[in-house]
Amino acid sequence: MTDAQPNLSRANTPPVAARRPVSEQRHGVMLVDDYAWLRDENWREAMHDPSLLHADIAAYLAAENTYTDTYMAPLSSLRQTLVAELRGRIAERDTSVPTPDGDWFYYVRFREAGQHPIFCRAPRADNDARPAEAPMPEDGLSGEQILLDGDAEAHGRAYFSLGEVNHSRDHRLLAFALDERGSEAYTLHVRDIQTQREIQPPIPNTTGNLMWSADSATLFFTTLDDNHRPCKVWRLALGDAPEHAELVYSEPDAGFFVSVDTTQSDRFILINAHDHATSETRFIDSATPWATPRLIAERVEGQEYSVEDDGDDFVLMTNADGAEDFKLVRTPIATPAREHWQTVVEHEPGRLLLDHIEFADFRVRMERADALPRIVITDKTRGLDHAIRFDAEAYSLGIAPGYEHDTATLRFIYSAPNTPDETYDYDMATRTRQLRKRRAVPSGFQPENYVVRRLHARAADGADVPVTLIHHVDTPLDGSAPCLLHGYGAYGISEPAAFSSSRFSLIDRGFVHATAHVRGGKECGYRWYANGKLAHKPNTFSDFIAVAEHLAATGYSAAGRIVPHGGSAGGMLVGAVLNQRPDLWGAAIADVPFVDVLNTMLDETLPLTPPEWPEWGNPRDDVAAFETIRGYCPYQNVSAQAYPPILAIAGVSDPRVTYWEPAKWVAKLRAHKTDDNPLLLKTHMAAGHGGLPGRFTALEETALIYAFVLDAFDMAQSATDSAPDKDANTPIRANEVY
């Protein structure tokens with residue numbers, strides 16, 4: 001069957017979930033959930049082994065998958081075209097810029113057709129004379145040693161995903177974390193680099209977070225409790241059985257998560273406890289790993305701090321004392337408590353401090369203002385600051401601090417919506433930068449073929465919402481162009497104005513791609529986040545709607561031709577705006593969508609519920625929070641109205657957004673909506689929150705989404721018959737420098 005032929009299978013009756021009402025009264029309100037049965041009582045076990053799902057639930061999810069597969073089958077040629085196109089923009093043989101550490105360069109590369117990374121190193125002495133601007137050899141540096149071959153490790157496994165991969169300080173050992181189910185429960189392994197033998201009994205049920213002591217004889221790691229919360233930090237003498245590990249710290253508050261880290265100098269092991277608004281850190285000298293951890297400053301609700309060391313002091317980034325957008329303070333390592341804090345970098349409203357790194361002679365801090373990042377360098381010996389600035393209208397920056405502390409080189413990554421990632425080494429002393437690598441687009445790409453704009457949409461309460469937008473120079477701006485509008489808006493996570501090669505499969509076919517930097521992120525400072533959480537959460541949704549209306553009013557698209565796209569909390573955003581303004585949307589993509597917010601926040605036994613209360617509110621104890629969440633919760637507000645075509649994606653092994661949230665939402669939508677538009681649910685039975693593993697396998701899901709969107713606008717046939725013109729593009733090679 002071709003896309004041009006009638007698709008009789010699309011007339012098939014979609015699955016209908018049985019209604020089995022469960023009632024519960026909260027704060028005087030009777031909540032009735034017709035589809036509560038889709039939550040398996042055995043969900044914890046099923047998350048690790050989907051075959052344990054109750055038969056009724058497994059049958060329903062399978063029926064939805066069959067319906068989705070049948071509906072999408074006529075688009076198979078388009079999906080194949082899209083996968084080939086997406087893959088053509090990826091450099092199959094690729095190598096990262098080597099990172100120095102002691103006598104070695106460490107790097108990651110991919111082989112031709114390789115799905116997973118290969119972790120490598122090569123002797124520094126054999127390669128130091130190699131010009132920095134020279135392209136990386138496709139087969140690695142001289143004297144290469146393969147530390148971990150992801151493709152080989154993945155062979156024979158149904159699911160494969162790596163957590164942290166850390167070499168020991170003495171460069172003899174490699175510790176790595178492996179998830180074989182998608183449930184984010186990792187098993188730790190330790191190998192001798194020379195012999196490739198495992199020298200440590202595997203450590204199960206960890207978060208994938210691990211750190212080495214200074215003498216490379218002790219491993220620190222964190223584990224999950226029965227509710228999948230990272231709550232304990234352990235240390236283990238290398239080679240000992242996991243049951244002999246010593247508990248270093250146990251977090252008593254179910255709302256807090258724990259993790260381990262080190263300072264840039266590697267001098268201290270850090271034990272962090274935090275929720276979304278409050279943090280607390282303990283430290284251990286890495287040279288004495290079995291010492292009792294010491295507290296830097298006890299937690300104060302609503303206050304956060306992160307830790308680096310500088311000589312005899314810690315340097316903390318904190319929002320204490322009313323520093324809403326954060327400041328830097330210094331405190332003696334010997335007496336680090338709050339009463340000894342002295343300001344190093346003053347708080348400046350509207351300039352949000354994002355991160356800071358202490359090198360031996362330089363301090364680096366990342367900042368953001370008006371949704372744009374910048375890097376500021378402090379020369380500690382001279383007491384001078386300077387910023388690394390960029391002139392683009394919208395762009396993204398990231399810091400790769402590397403392993404070394406006593407260095408004048410800072411590595412950063414720059415990209416923009418029409419500029420592939422560029423990796424630079426920046427000399428902090430001479431203030432000069434050197435391009436080390438530009439991301440490859442083998443099938444061809446020319447930045448001048450695309451227009452990037454930064455717009456502002458006026459929100460209902462007068463706030464100006466930033467919008468990052470990209471379109472082809474030939475795309476008409478008369479309202480006829482469809483638009484994919486991406487949003488997130490939660491946890492203070494900002495959406496970068498970064499390059500994404502996959503987007504061009506839509507952009508080159510006439511789509512406008514826009515990102516709405518709505519409240520709930522920190523694009524415009526901490527207050528931008530605070531005004532999109534708790535009681536102010538509805539601002540996130542009204543901001544997104546305001547952006548869509550602005551795009552329609554300015555001719556970039558039109559009502560009914562805009563596609564909201566979001567994942568996780570961004571999927572909640574999609575669900576909320578579908579209920580509130582269904583007329584604006586031509587289709588919708590909800591990826592692992594957090595759509596059953598009220599029921600989830602009422603259930604303290606779920607993995608993320610207590611830690612999430614500072615973000616959404618606690619509807620169990622707070623009537624106002626209950627009413628606010630009930631007012632926007634996508635599942636609660638499904639109604640008898642017309643909805644656009646919708647594709648929802650879920651994963652049975654997902655510990656963050658449990659599979660039953662999108663399943664219940666789709667079931668309720670199908671029972672209430674008054675239209676005949678397609679409503680599809682695709683549930684991965686052996687994957688979690690991150691979707692399908694492997695860099696090429698993941699393209700299948702992107703192709704599914706894009707094919708669904710193109711089909712919704714009756715563009716499937718034309719998109720299959722005429723792939724974007726590549727003749728006008730010049731390939732950008734993997735190691736092109738200038």
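Analyst: Asp321 is exposed, with a relative accessible area of 64%. Exposed means over 50% relative accessible area, buried means under 20%, and partly exposed is in between (1.4 Å probe, protein chains only). Before we go on, note that this is a predicted model: local features need pLDDT of at least 70, side-chain atom pairs count only at pLDDT 80 or more, and totals for chains, interfaces and linings use all residues. Residues are numbered from 1 along each chain as its sequence is written, and side-chain values use heavy atoms, with hydrogens and water left out.

User: What is the average pLDDT of the protein?

Analyst: pLDDT is the predictor's confidence in each residue, from 0 to 100. Here the average is 93, and 96% of the residues score at least 70. Residues 1-9 are another story: pLDDT stays under 50 there, and the model gives them 15 contacts beyond four places in sequence. A contact means heavy atoms within 4.5 Å. The stretch 732-738 also has pLDDT below 50, with 28 contacts beyond near neighbours in sequence.

User: Back to Asp321. Which residue forms a salt bridge with Asp321?

Analyst: A salt bridge is a side-chain nitrogen of Lys or Arg within 4 Å of a carboxyl oxygen of Asp or Glu. Asp321 pairs with Lys327, and their closest N and O atoms are 3.3 Å apart. Lys327 has 9% relative accessibility, so it counts as buried, whereas Asp321 is exposed.

User: How many salt bridges are there by this rule?

Analyst: The count comes to 55. One of them joins the side chains of Arg26 and Glu24, at 2.7 Å from N to O. Arg26 is buried, with a relative accessible area of 18%, while Glu24 is partly exposed at 32%. Salt bridges can also link up: Asp310, Asp313, Arg330, Glu358, Arg363 and Lys380 form a network of them.

User: How do I read strands? Which strands pair with E24?

Analyst: Helices (H or I, at least four residues) and strands (E, at least two) are DSSP runs, numbered from the N terminus. Two strands pair if DSSP finds at least two bridges between them. Strand E23 (residues 352-358) pairs with E24 in the antiparallel sense over six bridges, and His356 stands opposite Arg365 in E24. E24 is also joined to strand E25 (residues 372-379) by eight bridges, again antiparallel.

User: What about the turns, and is E24 mostly covered or open?

Analyst: E23 and E24 form a hairpin with three residues between them. The hairpin of E24 and E25 has two residues between the strands, and Asp370 in that turn has a positive phi of about 50 degrees. Strand E24 (residues 362-369) is mostly covered, with seven of its eight residues buried. There's a salt bridge to look at here too: Glu367 and Arg374 have their closest N and O atoms 2.7 Å apart. Glu367 is buried at 1% relative accessibility, and Arg374 is partly exposed at 25%.

User: Which strands stand at the edges of the open sheet?

Analyst: The four strands of this sheet run in the order E15-E16-E17-E18, with antiparallel pairing. Strand E15 (257-262) and strand E18 (294-295) are at the edges, each with a single partner strand, so one side of each lacks a neighbour in the sheet.

User: And the nonpolar core? Which residues touch the most other members?

Analyst: Nonpolar side chains tend to be buried together in soluble globular proteins. A nonpolar core is a set of buried Ala, Val, Leu, Ile, Met, Phe, Trp, Tyr and Cys residues joined through side-chain atoms within 4.5 Å. The largest one has 78 residues, and Tyr60, Leu485, Leu551, Trp585, Trp616 and Trp665 touch the most other members. Helix H9 (residues 569-580) gives the most to this core, with seven residues. A second, separate core of 31 residues includes Leu82, Phe511, Ile589 and Phe713.

User: What does Trp585 touch?

Analyst: Leaving out residues up to four places away in sequence, its contacts include Phe544, Ile545, Val577, Leu578 and Pro644.
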